[in-house]
Amino acid sequence: MAASGAKKKQQQQQQRAAAAGGAGHRRRKVRDAEEKSWQKAGLKLNEEISSDSDTESPTFGGKRKKDNEAEEEIEETAQEKKLRLAKLYLEQLRQQEEEKAEEAALEKDLVAGRLKEDVLEQKGKLQRLIAKDLQPPDTAAIRVLRGHQLPITCLVISPDDKCIFSAAKDCSIIKWDVESGKKLHVIPGGKKGTEAQHVGHTAHILSMAISSDGKYLATGDRNRLIMIWEAVTCKHLYKFTGHRDAVTGLSFQKGTHQLYSASHDRSVKVWNVAENAYVETLFGHQDAITGLDSLSRECCVTSGGRDGTVRVWKIPEESQLVFYGHQGSIDCIQLINEEHMVSGADDGSVALWGLSKKKPLTTVRQAHGNHGTQGLEQPYWISSVATLLNSDVVATGASRCSHSASVRLWKCGEGFRRLEPLFDIPLIGFVNSLKFSNAGDFLVVGIGQEHRLGRWWRIREAKNSICVVPLQRSAAGRAQPADGS
């Protein structure tokens, strides 16, 4: 009995020892596996890891991160996801609205600026102060365009300043490219008696105008005809008849296709070019009308030759204002803005006018000097004037038979009450036409051996040509905006 109990006790001790050994073996295996895992992570078991340390085991840290992401995904319901996306969408819309509001504010400022300029322009108070920055041009930089056989009588510049249209006593019209100086199109003149067959003019072309959108070109001749052309292609469109004498002035109302024409028959006629229609005739001058101009308002101004008057025609009211000032025949006129104009006469005088006063604001006598023997001096005839629209710059041209000044630029003083000479451009011949480019960076001069309206005398040294004169501005002037504001 005692032996069997001892044996049983021994067996139990052996079982416990085996169990303990197995547990120890298992613990060693786990320890070895953990040690390998830590070693792969670059750590040792005997290293101390502070609780303040940010370093985590890549294995366990990555696992916890994935677990957290999974928990977040599990925690965000479909309703919450919709709410989050809706908030993102609303934030995008808010940003887009803010951008649109900024663009609208900028555009509003630009429009307000343009409207302010338009209001000032309509009131005749918009004045770009450019004269002080202009520099005398280098004569070597003046380009000469030759193409007409007889004296140039009139010219215009396209609204984009890329083309020049010129006409002459040879009855031809030439379209020029400003940049290259090449001819883009030639409308040849016809011989007298071929009016029925020839498409174009058969008499001296005396006047020319282009619409402000560059669509229509109008030309008038000594044969009482007005021709309408498509400016881009030079295709003939219409022929207006009605004047009883030479058509000496043409001008489109700015922003419209309404055309004004003036004639030696002492009348002003109004036409609707887009509708190919005659509108009305206005009378008032007591002598042949020599020049005409207009801007945005429904009115035009004319110079009345030897009747000694300048007239402003108010078309809707069918009324006219009469201005007196020159002593000789008033041969040319141009508007500076809606309230001021400049005119030139064969007595050598240049006058500045305000539409609110019947007398000139200022007059310069012998503006281009005198010629002739001592005691018998005569002033040089002012044959053309030009203005840089809404600025303080004016140009005048006269007949010259030497290299003395033929074109002179002037500065209009404050309130247009003074006219100060800036510099001269030496040319030879009759300056029959002058035009500033719309941007004000060049001046085009039409030169002839004879005056555009007659053959009283001839300057043989002159060349029938078109001169493109670059207008240079000082560094301070170039730094200003193109519109001079």
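User: Which residues of S4 are buried on one side, and which on the other?
Analyst: This is a predicted model, where local features need pLDDT of at least 70, side-chain atom pairs count only at pLDDT 80 or more, and totals for chains, interfaces and linings use all residues. Residues are numbered from 1 along each chain as its sequence is written, and side-chain values use heavy atoms, with hydrogens and water left out. Buried means under 20% relative accessible area, while exposed is over 50% and partly exposed lies in between (1.4 Å probe, protein chains only). Both faces of S4 are covered, with Cys163, Phe165 and Ala167 on one side and Ile164, Ser166 and Ala168 on the other.

User: How many of the residues of strand S4 are buried?
Analyst: Strand S4 covers residues 163-168. It's largely enclosed by the rest of the structure, because the buried residues number 6 of the 6.

User: How many bridges join strand S3 to S4, and which residue stands opposite Ala167?
Analyst: Two strands count as paired if DSSP finds at least two bridges between them. S3 (residues 152-157) and S4 run antiparallel and form a hairpin with 5 residues between them. Asp161 in that turn has a positive phi of about 65°. The bridges number 5, and the residue opposite Ala167 is Cys154.

User: What stands opposite Phe165 in S5?
Analyst: S4 and strand S5 (residues 173-177) run antiparallel, joined by 5 bridges. They form a hairpin with 4 residues between them. Opposite Phe165 you'll find Lys175.

User: Is Cys171 buried or exposed?
Analyst: Cys171 is found in the loop between S4 and S5. Its phi is near 70°, a positive value in a residue other than glycine. At 8% relative accessibility, Cys171 counts as buried.

User: What is the relative accessibility of Cys234?
Analyst: Cys234 is found in the loop between strand S9 (226-230) and strand S10 (235-240). Cys234 has a positive phi of about 65° although it isn't a glycine. Cys234 counts as buried, and the value is 7%.

User: Which strands stand at the edges of the open sheet?
Analyst: In this sheet, 4 strands line up in the order S15-S16-S17-S18, with antiparallel pairing. Each edge strand has a single partner, so one side of each is left without a neighbour in the sheet. The edge strands are S15 (291-294) and S18 (319-324).

User: Which residue in S17 does Cys299 stand opposite?
Analyst: Strand S16 (residues 299-303) and strand S17 (residues 309-314) pair in the antiparallel sense over 5 bridges. Cys299 stands opposite Lys314.

User: Which side chain does His368 make a polar contact with?
Analyst: His368 sits in the loop between strand S22 (362-364) and strand S23 (370-371). His368 is buried, with a relative accessible area of 2%. A polar contact is a pair of N or O atoms within 3.5 Å; within protein, one must be able to donate a hydrogen and the other to accept it, and residues adjacent in sequence count only if both atoms are side-chain atoms. At 2.8 Å, the partner is Thr396.

Definitions and conventions. Helix = DSSP H or I, 4+ residues; strand = E, 2+ residues; numbered from the N terminus.
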